[in-house]
Amino acid sequence: GIAARAMQMSAFAARANAVLPPALAARLAFQQGRASKSRTMSSKAVPEGLSDGCKGAPVPEGVKLPIMADESVMAPKAHGTTETPVQQNLRWNCEWKTADKICSFNRHYAEYAGYWESTNFLEEVDREKETTYYDSVSGKPLFIAPRGRSFEDFQKESKSHGWPSFRDEEVVWENVRCLKDGEAISVDGTHLGHNLPDKTGNRYCINLVSVAGRPM
């Protein structure tokens, strides 16, 4: 490509210890400039404090779960994709700024892998009973876990992937949807994470900051 040809010409000139003719020098400079511009355009900077996250798996047609929605749910609203900012007093000491950025102004990026373990979550969560996880914006219930497994199983799976991971039976489908590209969202436009199915079924890889709300 352009970058490779530019590098070859530069290397040739250096080895020969030669001064390039003006026309060739101009061509080389032009090609190097195009290569640099191409690299800049193709690599978008990850927003500060976030990770590149994970890309959801496309949802096959005709499946019962996840329940699907179209892009209209994520249409611009008063506060990004939601009507209001995230709640001020999030559970487990989740950071408000990160939560607001991920929930309302983001379609791809995520809290960094393992973020949930750096919060108070593991200290405060009830390991003997189910925990309800609420939308950080609307306060609606989104997930109830663990269901059909132990907390230790839930923790082990979440730790191995880097983010809290929920299964179909743990989703409150009244308030959760997926888009065709696998993005998991709330019915109010909150970005939650992505669906990344494995051999045992759907696995919803969710940002803790998106489900750290309090019931309203």
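Which residues of strand β5 (residues 183-186) are buried on one side, and which on the other? In this predicted model, E183 and I185 are buried on one face of β5 and A184 and S186 on the other, so that both faces of the strand are covered, where buried means under 20% relative accessible area, exposed over 50% and partly exposed in between, with a 1.4 Å probe and protein chains only. In a regular strand the side chains alternate between the two faces of the sheet. Residues are numbered from 1 along each chain as its sequence is written, and side-chain values use heavy atoms, with hydrogens and water left out. Because the model is predicted, local features need pLDDT of at least 70 and side-chain atom pairs count only at pLDDT 80 or more, whereas totals for chains, interfaces and linings use all residues.

Strand β5 belongs to an open sheet of 5 strands in the order β3-β7-β6-β5-β4, with antiparallel pairing. Strands here are DSSP runs of E with at least two residues, and helices are runs of H or I with at least four, numbered from the N terminus; two strands pair if DSSP finds at least two bridges between them. Strand β4 (residues 176-178) runs antiparallel to β5 and is joined to β5 by 3 bridges, with I185 as the bridge partner of R177. The hairpin of these two strands has 4 residues between them, and G182 takes a positive phi near 100°. On the β6 side, β5 pairs with residues 191-195 in the antiparallel sense over 3 bridges, and E183 stands opposite H194. This hairpin likewise has 4 residues between its strands, with a positive phi of about 95° at G189 in the turn. Strands β6 and β7 are also antiparallel and paired over 3 bridges, N195 having Y204 of β7 as its bridge partner.

With contact taken as heavy atoms within 4.5 Å, and residues up to four places away in sequence not counted, the residues touched by Y133 include W92, F121, F154, F166 and V211.

The count of salt bridges, each defined as a side-chain nitrogen of Lys or Arg within 4 Å of a carboxyl oxygen of Asp or Glu, comes to 9. One of them joins the side chains of E170 and R149 at 2.8 Å, N to O; E170 lies in the loop between β3 and β4 and R149 in the loop between β2 and α6, so the pair ties together parts that are 21 residues apart in sequence. Both E170 and R149 are buried. R167 forms a salt bridge with E157, the closest N and O atoms being 2.4 Å apart, and another with D198, for which the corresponding distance is 2.7 Å. D198 counts as partly exposed because its relative accessibility is 31%. Through shared partners, salt bridges join R149, E157, R167, E170 and D198 into one network.
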